Amino acid sequence: MFNFIQTIVLVVVKNVFLICLGFGLFVYVSCNKTNDDIQDPAWTTLQKKLNIPAQPYNYASPYLPAFFNNQFVTILDNTPAENPITNWGATLGRVLFYDKDLSLNSSISCASCHIQKLGFTDSVRFSKGFQGRHTRRHSMSLTNARFYLSGRFFWDERAATLEDQVLQPIQDPVEMGLSLDSLTLRLKQTSIYPILFRYAFGEEEITSEKTAKALAQFVRSIVSTQSKYDKGRIQVDDREADFPNFTAQENLGKNIFMKNLKVNCFGCHNTDVFAMDHPRNNGLTVDNADSGIFIHTQNPLDIGKFKAPSLKNVALRRHFMHDGRLHSLQEVVDHYSEGILPNPNLDGHLHSNHPFEPYRMNLSVEEKNALIAFLHTLTDEVLIHDEKFSNPFR
Ligand code: HEC
Ligand code: HEC
């Protein structure tokens, strides 16, 4: 009998102890919640203006298919050691990217000329700046901007790094027209940016250098991995083999893109991220009205050479080339098939012996349609609808 009572008492004591322990743990965990604590007044301030999740989206280590993991792709990654992508850094970058207050009269943001549903380029040939004046060149797609060997930016590579590049449109007299001092002052006076800078960089201090870092992190996070091409590529060892998810027409187009004996598209737009290795002249003009990278290298052999953005999402674009002179993929394909113009700096991939005798692919209508169908497989519907790249302002 005594033993029985002792057992009952022990069980009760043990359960009370466990309940207390559980409650204690609950209180501890609740008090140690970070940004997602609804009690955090800073978080409430952000929530009033922004539609961003308390647990930030994963920008730092998103899903990458296995075929991204090879030296030909990783060598192109221009992420510098001093600015790795972090989830809060890219979140801050996203807010800045969509903020019209980055232009003098608060009329346009980066996203006005780099539209998500178009793979982050503009619908018009020349973009309208903050006062309605037009840019000199066509807006570049930002899809896969992270992958470019030299890490230089713009059609003419005049920006040495992405961190340098992202501050240029803000100060550009046609694009956004805001000085860096005014920019920093503006951001400081808001309720949201001191908090976002603290989440991203550990302190509320706002500088243009940190602004650049955050914008660059966001831009580098725009990587395309879910197009029809990616879904086929993952199923084969050799990218030159027929993809099981492609139609016969798309596989024919892929063959032309990768293996044509005259113009080998893949020779210049290469690797599975479809990036260029370095600027080239693709025979658009004889007179070189825009001298391309010569503008900053001053090397006559560079006249008329340009960088091209990755061809991922190319079928979403409405104008093509640095000056947007071509208006459809049909015109692009016609250019490479019959229209390459002679030029002293014409790239070696586009002629056999002499830069004044460009190749003529003379593709049939069927082959041209196949090449265009293949270019459509590079469209990434997931990326262009992904909320983590969308406008966060309420
Ligand atoms: C008024 C339209 C406009 C606005 C606003 C604008 N851009 Fe651009 N962007 C362009 C044009 C046009 C180019 C190509 C310019 C050139 O090469 O001379 C470009 C090029 C770029 C490139 C180069 C891509 C590459 O692969 O080399 C990046 C990156 C970029 N913009 C990011 C931004 C960011 C970030 C912002 C906001 C801070 C921004 N842009 C605002 C029109 C715009
Ligand atoms: C000699 C290297 C080279 C080869 C080969 C080549 N391209 Fe290009 N491509 C370029 C360059 C350089 C540009 C940018 C030129 C400019 O804007 O002045 C470009 C631009 C493009 C663009 C426009 C991208 C944009 O955002 O405006 C498309 C589309 C394109 N190429 C498709 C192809 C296809 C399809 C083939 C094969 C038939 C091909 N290229 C072969 C070098 C090449």
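The face of helix α12 turned away from its buried side carries two exposed residues, A248 and K259. Helices are DSSP runs of H or I with at least four residues, strands are runs of E with at least two, and both are numbered from the N terminus. Before going on, please keep in mind that this is a predicted model, in which local features need pLDDT of at least 70 and side-chain atom pairs count only at pLDDT 80 or more, while totals for chains, interfaces and linings use all residues. Residues are numbered from 1 along each chain as its sequence is written, and chains are lettered from A and ligands numbered from 1 in the order in which they are written.

Let's stay with α12, which covers residues 248-259. Which residues of α12 are buried? They are E250, G253, K254, I256 and F257. Seen down the helix axis, these buried residues fall within an arc of 160 degrees, so they line one face of α12; the arc is that of the directions from the axis to the C-beta atoms. An α-helix has 3.6 residues a turn, so residues three or four places apart point the same way. The buried residues of α12 pack against α13 (265-268) and α16 (365-376), where a contact is a pair of residues whose C-beta atoms, placed from the backbone, lie within 7 Å. The length of the helix can be checked too: with twelve residues at 1.5 Å a residue, α12 should span 16 Å, and its end C-alpha atoms are 16 Å apart, which agrees. The expected span is 1.5 Å times one less than the number of residues.

Helix α13 leads us to ligand 2, as α13 gives the most to the shell around this ligand, with three residues. A residue is near a molecule if its C-beta atom, placed from the backbone, lies within 6 Å of it. There are 26 residues around ligand 2, and C265, C268, A308, H322 and D347 come nearest. Both α13 and α15 supply at least two residues each. By class, the shell has 16 nonpolar, seven polar and three charged residues. In these classes Ala, Val, Leu, Ile, Met, Phe, Trp, Tyr, Cys and Pro are nonpolar, Asp, Glu, Lys and Arg are charged, and the others, Gly among them, are polar.

Now for ligand 1. Of the 29 residues around it, C110, C113, S127, F154 and P169 come nearest. The elements giving two or more residues to this shell are α5 (110-113), α7 (168-171) and α10 (208-220), and α5 gives the most, with three. Its class make-up is 18 nonpolar, seven polar and four charged residues.

The loop between α5 and α6 is worth a visit. F153 lies in this loop and counts as buried, with 25 C-beta neighbours inside 10 Å. Leaving out residues up to four places away in sequence, F153 touches A159, L162 and Q165. F153 and K307 are 154 residues apart in sequence, yet 8.2 Å apart in space, C-alpha to C-alpha. F120 is in the loop between α5 and α6 (162-165) as well, and has a positive phi of about 70 degrees although it is not a glycine. Is F120 buried or exposed? F120 is buried, with 27 other C-beta atoms within 10 Å. Q298 also has a positive phi, of about 60 degrees, without being a glycine, but Q298 is exposed, with 10 other C-beta atoms within 10 Å.

In helix α9 (residues 193-201), Y193, I195, L196, F197, Y199 and A200 are buried. They pack against α2 (41-49), α4 (87-97), α8 (180-188) and α10. Just after α9, G202 takes a positive phi of about 85 degrees.

Finally, let's step back to the whole protein. An automatic or database assignment sets the domain bounds, giving domain 1 (49-223) and domain 2 (228-378). Their contact takes 28 residues from domain 1 and 27 residues from domain 2. Taken over C-alpha atoms, the domain centres are 27 Å apart. The protein has 17 helices and two strands, and 38% of its 394 residues count as buried. Its C-alpha trace spans about 105 × 55 × 30 Å along the principal axes.

Methods. A residue is buried if 20 or more other C-beta atoms lie within 10 Å of its own, exposed if 12 or fewer, and partly exposed in between; C-beta atoms are placed from the backbone. Two residues are in contact if their C-beta atoms, placed from the backbone, lie within 7 Å.
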